[in-house]
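Thanks for passing this one along.

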Amino acid sequence: MTSKSKLVMTRVGMNGLEFFDENGETILIDSIKSNYNSETVDNLTNGIYKEDKEDNFWSGKFPTNCADITIQLDFMKSFSISMIRIWNYYTGKNSWKRGAR
């Protein structure tokens, strides 16, 4: 008989989001909002992606009363997106249970 343990996510976070146009240029973001932990959501576009200090991340305890966490981005103009780079939450080998899934 085997037992399976259920993974319970207690924290959520990401290091950053980057958007690129058809020429490989970074697309500027006018504003960013979230329905969760909106005080640090600006950290997703602060340009600091390879960092192990949580002060530069968007993170917090996973809300038990929230079905979905959303992030809304407003861009400065219309364009074609050719690439999105998602920097998932990482602070070291013990942070594998955190991050976007």
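Here are my notes, going from the whole chain to single residues.

1. Ground rules. This is a predicted model, in which local features need a pLDDT of at least 70 and side-chain atom pairs count only at pLDDT 80 or more, while totals for chains, interfaces and linings use all residues. Residues are numbered from 1 along each chain as its sequence is written, and side-chain values use heavy atoms, with hydrogens and water left out.

2. Confidence. The protein chain has an average pLDDT (the predictor's confidence in each residue, from 0 to 100) of 79, and 75% of the residues score at least 70. Confidence is highest in strand S4, residues 71-75, with a mean of 92, and lowest in strand S3, residues 58-61, with a mean of 78.

3. Overall make-up. The chain has five strands and zero helices, so please read the labels as DSSP runs numbered from the N terminus (helices are H or I, at least four residues; strands are E, at least two). The order from the N terminus is β-β-β-β-β. Contacts here are heavy atoms within 4.5 Å. Among contacts between residues at least 6 apart in sequence, 76% join residues at least 24 apart.

4. Surface and burial. Of the 101 residues, 31% are buried (under 20% relative accessible area; exposed is over 50% and partly exposed is in between, with a 1.4 Å probe and protein chains only). The chain exposes about 7,400 Å², of which carbon and sulfur atoms supply 49%. These areas come from the Shrake-Rupley method with a 1.4 Å probe, and for residues only the protein chains shown count as cover.

5. The salt bridge. How many salt bridges are there by the rule used here? The count is one, where the rule asks for a side-chain nitrogen of Lys or Arg within 4 Å of a carboxyl oxygen of Asp or Glu. The partners are Arg-85 and Glu-18, whose closest N and O atoms are 3.1 Å apart. Arg-85 lies in strand S5 (residues 83-88) and Glu-18 in strand S1 (residues 11-20), so the pair ties together parts that are 67 residues apart in sequence. Glu-18 is buried at 13% relative accessible area, whereas Arg-85 is partly exposed at 34%.

6. A nonpolar patch. Ile-81, Ile-84 and Ile-86 make a nonpolar surface patch of about 280 Å². Patches are built from residues with over 30% relative accessible area and no salt bridge, joining like charges within 9 Å and nonpolar side chains (Val, Leu, Ile, Met, Phe, Trp, Tyr) within 5 Å. Ile-84 belongs to strand S5 and is partly exposed, at 48%.

7. Phe-19. This residue sits in strand S1 and is buried, with 6% relative accessibility. Beyond four places in sequence, Phe-19 touches residues including Leu-73, Phe-75, Ile-81, Met-83 and Ile-84. Thr-26, in the loop between S1 and S2, is in contact with Phe-19 and Phe-20 once neighbours within four places are set aside.

8. Ser-34. Buried or exposed? Ser-34 is buried, with a relative accessible area of 14%, and is found in strand S2. A polar atom of the Ser-34 side chain lies 3.0 Å from the backbone oxygen of Tyr-36, and the backbone oxygen of Thr-70 lies 2.9 Å from a polar atom of that side chain. Leaving aside neighbours within four places, the contacts of Ser-34 are Val-41, Trp-58, Ile-69, Thr-70 and Ile-71.

9. The loop between S2 and S3. Contacts of Leu-44 beyond four places include Met-14, Ile-32, Tyr-49, Trp-58 and Ile-71.

10. Asn-43. Asn-43 lies in the loop between strand S2 (29-34) and S3 and is buried, at 15% relative accessible area. The Asn-43 side chain reaches the backbone oxygen of Phe-57 at 2.7 Å. Not counting residues up to four places away, Asn-43 touches Asn-15, Asp-55, Asn-56, Phe-57 and Trp-58.

Key:
Polar contact = N/O pair within 3.5 Å; in protein donor to acceptor, adjacent residues only side chain to side chain.
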